[in-house]
Amino acid sequence: KSPYLQQHAHNPVDWYPWGEEAFAKAKKEDKPIFLSIGYATCHWCHVMERESFSSPETAVLLNKNFVAIKVDREERPDVDKIYMTAVQAMTGSGGWPLSVWLTPDRQPFFGGTYFPPDARWGRPGFPQILEKIAEAWRTDRQKIVESGQALSQRLIEHLSTESGVSQAPEAAALDAGYKAFESSYDVARGGFSGAPKFPMPVNMNFMLRYYARTENKKALDMTAHTLREMAKGGIYDQVGGGFHRYSTDEKWHVPHFEKMLYDNAQLAINYVEAYQITKDEDFARVARETLDYVLRDMSRPEGGFYSAEDADSLPPELKGKILDKGHEHKAEGAFYVWEKKEILQALGTENGEIFSFQYGVKPEGNAESDPHGEFKDKNILYVAHSLEETVRQFRKKPKDAARILEESRGKLLTVRAARPRPQKDDKILVSWNGLMISAYARASSVLDEARYLEAAEKAARFIQKNLYDAKARRLYRRWREGERKVFGTADDYAFLVQGLLDLYEASFYPAWLAWAIELTEEQNKLFHDAEKGGFYMTAQDHDKALLARVKEDSDNVEPAAGSVAALNLLRLAQYTDRDDFRTAAEKTLILYSAQAKEQPRSLPQMLAALDFYLSKPRQIVIAGSPEKDDTRELLKRVRQRYLPNKILIVVDDGPGRQALVRQMPFLKNIVPIQGKATAYVCVNYACDLPTADPAKLAKILEGAKQ
């Protein structure tokens, strides 16, 4: 059911899925394995598929000399992690498509990423490589086998054990993290690297928490500037909302156009939290537009969120034309870029010129970087001028200019909707859905949007119904077209638990908290290393064919499961006062404490968990009904503040009260005073004097920032 595997189903290459059938064939026929790993919206995967895997001549070489296996990295991140690490060790870099040659025992001995169909750009041609490896397998087999064994042993040692010395977690790691990000900060354009620039939401998660802890305004300013620059750039879809994968240049202008669910989920949270701190309505706008994009284009009506949208699509001028091989005619960004004449035609001359000035549109196109010549005469929309500059240029009232620009975006969105769309990867992944449940839950609270809460709850119910075996207490990773497959990995559990905790704090429905506790117990049983700390990616019974059980040790475009799990456990310890949750979190923080201090940029989400661990988290409890105005007024005072290190509970007189009291006995004595919703702010279950006055609650919270 994988869309990626289905893209290759009609290749002349005799592809096998990862599994025993392929391994047995390799052993029986004494052939090496060619392992190709990618994903459905991967641009260079499409290129290699078109150039090499669709070639009958290349297929003959592959089928004759190798057993070819195709893996979707999003379904099997465990397989991808092992062989990506191998290729990085062999070549110093990695990426997708990942191309790895293995012995029949699955030990890697040669690898790379994209290979062209013939020698170019300093890379050998793919057929040449196939011939050389096949010849070496025939003539120098022992050397290849020994090489594979040696590399596999190094891999197992690297991926299965931890380097560095475990030490007590300390605040010095937080300061080291701040200094590392400060030193790499791009003062002009924001971000913490040069080109290509990835959004890296985990970095901003940490920096906002560091600001809340230290009141170091520079941490906030760097983060806010980065978020503003991204939202102005071409990496942000100025017409339809949502973020593209990364920027190929340092200005956030020319993106790689695919859109991933996990990017948009995490970035929406960044913008919501920045809005909480700054009250800058632009941050709220970007969060809303991003979440509205996902509701519009990436949501199943029955609940759940799709995985990604491709960068490539058929150019509008080719729509409806008879083409020999449609895939060959697709171009990167074709769905998103505009010629100036199209804009003038859609908006009229006057409004078209106003829009073009605001968004940097030029008759000759505006892409400063175009190595493959795909953007000739095309424009990637970005905010080239402020509203004030546009007002001065066209002598309009600010209100009128803003209305014209908003109406213009709406008209262009309608025009764009008629273009050939990029392919959608419509599989449902639990881990990424967990991240998006968090985004909708948090945004529903801060932005007071009921439809966001509804989207989060629908997704959680969909996963519970379709991807959870309640009897076995086991999550599956992927659902598509009625089929669930692959046992969940640690990130499925950790990201979903985070989503459920955020969903409880948005809805106050005790069942979400109960399910989060149940999943965490199972997560700890399946993945937690009780001796050394940390979390393995896979359970013991996941796949015996894997070379090693891996612990993810870096927070990248997605956070590591262990980093998210550590923070979840600390939050749950506040809810339940369970020592086993607190101990599991503490052991994980100890395991990575040396790395967090010495290489803090590798673990920003772990630093966010460390910040929670080193703080005195508040338990904010409101006795009252979530539907009533007096309760909502108190909740509003809590939600308008950025208080990352807290838990939020609402206790009413309904049937859920007993369930909450069983989990948290201290709630038994928390009741409304004189019939009014009442707030209790507690530390270690010792509470300040209760208050029913929203203004007094605001003052208490102001003094309880950290």
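Me: Hi! Which strands form the open sheet, and in what order?
Reply: Three strands make up that open sheet, ordered β8-β9-β12, and the pairing is antiparallel. Strands here are DSSP E runs of at least two residues, helices H or I runs of at least four, numbered from the N terminus. Two strands pair if DSSP finds at least two bridges between them. This is a predicted model, where local features need pLDDT of at least 70, side-chain atom pairs count only at pLDDT 80 or more, and totals for chains, interfaces and linings use all residues. Residues are numbered from 1 along each chain as its sequence is written, and side-chain values use heavy atoms, leaving out hydrogens and water.

Me: Thanks! Which ones are the edge strands?
Reply: Those are β8 (259–260) and β12 (424–425), each pairing on one side only.

Me: And how many bridges join β8 to β9?
Reply: Two bridges join β8 to β9 (residues 308–309). Met260 has Ala308 of β9 as its bridge partner.

Me: What does Trp101 stand opposite?
Reply: Trp101 stands opposite Phe110 in β5. Four bridges join β4 (residues 98–102) to β5, and the two run antiparallel.

Me: Which residue in that hairpin takes a positive phi?
Reply: Arg106 does, near 70°, in the hairpin of β4 and β5, which has five residues between the strands.
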